[in-house]
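Subject: Structure for you to look at

Hello,

Here is the structure I promised to pass on. Please open it first, then read my notes beside it.

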Amino acid sequence: MMKKYIIALLVAAAIGNTAKAQKQAYETTVDGVKVIVQPSGNDIVEIQTIIKGGVQNYPATKAGIESLAMSALTECGTLKHDKNSFKDELDKVSATVYGSSNKNYSVVRMNCIKGDFDVVWPLYVEAITQPKFDEKEFARIKQDAINNIKQEDSQPDNAIDKYADKVAFAGTNYAKDPSGTVPIVTALTPAETKAYYQSILTKSRMVIVVVADLDQAAIEGKVKAMLSGIKQGSAFAFKKSTFRTEKNSIAVEKRDLATNYVEGIASGPAAGTPDFNAFNVAMRIFSNMHFLEVRTNNGLSYAPQAWFSAGQTSTARFSVSTTEPDKYIAVFDKLVEKIKREGFKADDVADMKVTYLTGFYYKNETNSAQASSIAANEVLHDNWKRSLTMVDDVKKLTPDDVSNAFRKYINNIVWVYQGDPKKVNQLLYINGTLHNGDNPVMH
């Protein structure tokens with residue numbers, strides 16, 4: 001009881017802080033680009049320039065090109081600084097500027113002390129608008145990217161994730177791996193990658209997030225100057241898609257591993273839809289129950305996981321490493337049946353709502369985390385203010401809302417398996433107890 005009381009106080013304090021921030025946060029438009037500003041109440045400046053699209057921007061045959069381009073912005077020099085002198089200027093003031101990408105968008109980030117803003121901003125603008133793509137440095141970061149791809153493929157947890165994406169999303173944008181493949185990345189040239197970057201660097205794809213105590217006029221002036229050399233580009237629409245499979249399936253890949261890896265993908269509500277928050281809470285409760293049943297009660301896996309993966313295509317995911325995959329699917333099906341039949345307990349829903357909100361605020365204590373949250377909500381939900389209204393939205397959820405969201409989306413599942421094919425009975429995964437829209441029954 002005392003624990004719940006303490007957590008409730010923490011959330012109440014967070015709510016109070018957010019209410020203050022909400023009054024101050026605002027958006028403005030500079031030359032057609034939305035700029036979202038969250039005053040920080042501290043001396044740190046965090047700016048993130050978002051380029052929307054992610055895997056939507058390139059064909060499967062060029063997967064990896066955007067990730068490499070974003071690395072090149074600060075790793076291959078600019079027209080005014082080579083790579084080393086660029087880094088030296090940042091190091092003098094302990095600032096950071098770098099680019100990265102994911103399946104949904106890319107981001108170029110800068111972080112510095114407010115007093116050094118006028119030193120770091122020009123470097124940030126250089127990286128975005130005047131990258132050099134030096135051939136020697138490009139060869140270095142390309143080899144690093146290739147090494148990272150090989151390393152990820154050699155790690156079973158990463159390999160099963162990528163295999164699941166490849167199978168479940170076959171023929172769609174989400175099947176693309178932002179890191180690319182060794183053959184594709186090997187063939188990329190500095191000129192081609194630079195041309196690609198210039199093609200996606202358009203005002204129509206951009207959103208800029210500022211978390212800092214800076215004057216609005218100063219922000220708008222700086223951004224306007226940066227945008228002066230960036231083309232408008234054609235109208236851009238961020239395309240969301242819904243994942244749904246008509247039947248259970250399993251794809252098996254033989255790998256010589258110490259154990260076997262299993263991952264499942266089921267449907268989930270799209271970002272910005274009414275079921276999103278309820279399903280998010282549902283999957284967090286299910287994750288705890290899944291862990292309890294699979295590891296604690298049955299000893300089938302050291303670290304079973306279940307989570308809600310939100311993006312252009314939002315899905316529920318389940319994964320285990322186990323020497324007994326057939327026993328796992330029996331435990332999984334039984335647990336899902338029980339939840340569909342009985343729903344989640346009211347106490348579990350109430351506890352998870354508090355736990356979720358407390359964790360959300362703890363994770364968003366830094367300027368960088370706040371900017372990332374605003375960016376994700378703007379791109380995925382078309383609503384950056386969601387990060388400020390989260391408390392009220394989640395507080396309104398009822399146990400029925402949460403249980404019904406789980407029932408609605410956890411039906412047929414695409415399973416993938418890596419390990420010893422002789423250890424898995426595929427029919428147990430195909431003829432599971434889950435049917436789209438039906439009440440669960442035992443087979």
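Where is the place of Asn383? Asn383 sits in the loop between helix 13 (367-381) and helix 14 (386-395). Helices here are DSSP runs of H or I with at least four residues, strands are runs of E with at least two, and both are numbered from the N terminus.

Two notes on the basis. This is a predicted model, so local features need pLDDT of at least 70 and side-chain atom pairs count only at pLDDT 80 or more, while totals for chains, interfaces and linings use all residues. Residues are numbered from 1 along each chain as its sequence is written, and side-chain values use heavy atoms, with hydrogens and water left out.

Back to Asn383. Asn383 counts as partly exposed, at 33% relative accessibility. The scale is this: buried means under 20% relative accessible area, exposed means over 50%, and partly exposed is in between (1.4 Å probe, protein chains only). Leaving aside neighbours within four places in sequence, Asn383 is in contact with Asn377 and Glu378. Contact means heavy atoms within 4.5 Å.

Now the domains. The assignment gives domain 1 (26-228) and domain 2 (249-431). Such bounds come from an automatic or database domain assignment. The C-alpha centres of the two domains lie 29 Å apart. Between them, 36 residues of domain 1 are in contact with 33 residues of domain 2. The area buried there is about 2,800 Å², and carbon and sulfur atoms give 62% of that area. Buried area is the accessible area (1.4 Å probe) that two parts lose on being put together, summed over both.

Next, the inside. The largest nonpolar core has 68 residues. A nonpolar core is a set of buried Ala, Val, Leu, Ile, Met, Phe, Trp, Tyr and Cys residues joined through side-chain atoms within 4.5 Å. Ile47, Met110, Trp121, Tyr197 and Ile208 have the most contacts inside this core. Helix 4 (residues 117-129) gives the largest share, eight residues. Both domain 1 and domain 2 give residues to this core, so the core lies between them. A second, separate core has 63 residues, including Val107, Val209, Trp384 and Ile410.

Asn57 is worth a look. Asn57 is in the loop between strand 3 (44-52) and helix 2 (65-75). Is Asn57 buried or exposed? Asn57 is buried, with a relative accessible area of 12%. The side chain of Asn57 makes a polar contact of 3.2 Å with the side chain of Glu66. Another, of 3.3 Å, joins the side chains of Asn57 and Arg205. A polar contact is a pair of N or O atoms within 3.5 Å; within protein, one must be able to donate a hydrogen and the other to accept it, and residues adjacent in sequence count only if both atoms are side-chain atoms.

Helix 2 is mostly covered, with eight of its 11 residues buried. Among them are Glu66 and Leu68.

Last, two backbone angles. Most residues other than glycine have a negative phi. Ser94 has a positive phi near 50°. Ser94 is exposed, at 63% relative accessibility. Phe133 also has a positive phi, of about 55°. Phe133 is buried, with a relative accessible area of 3%.

Best wishes
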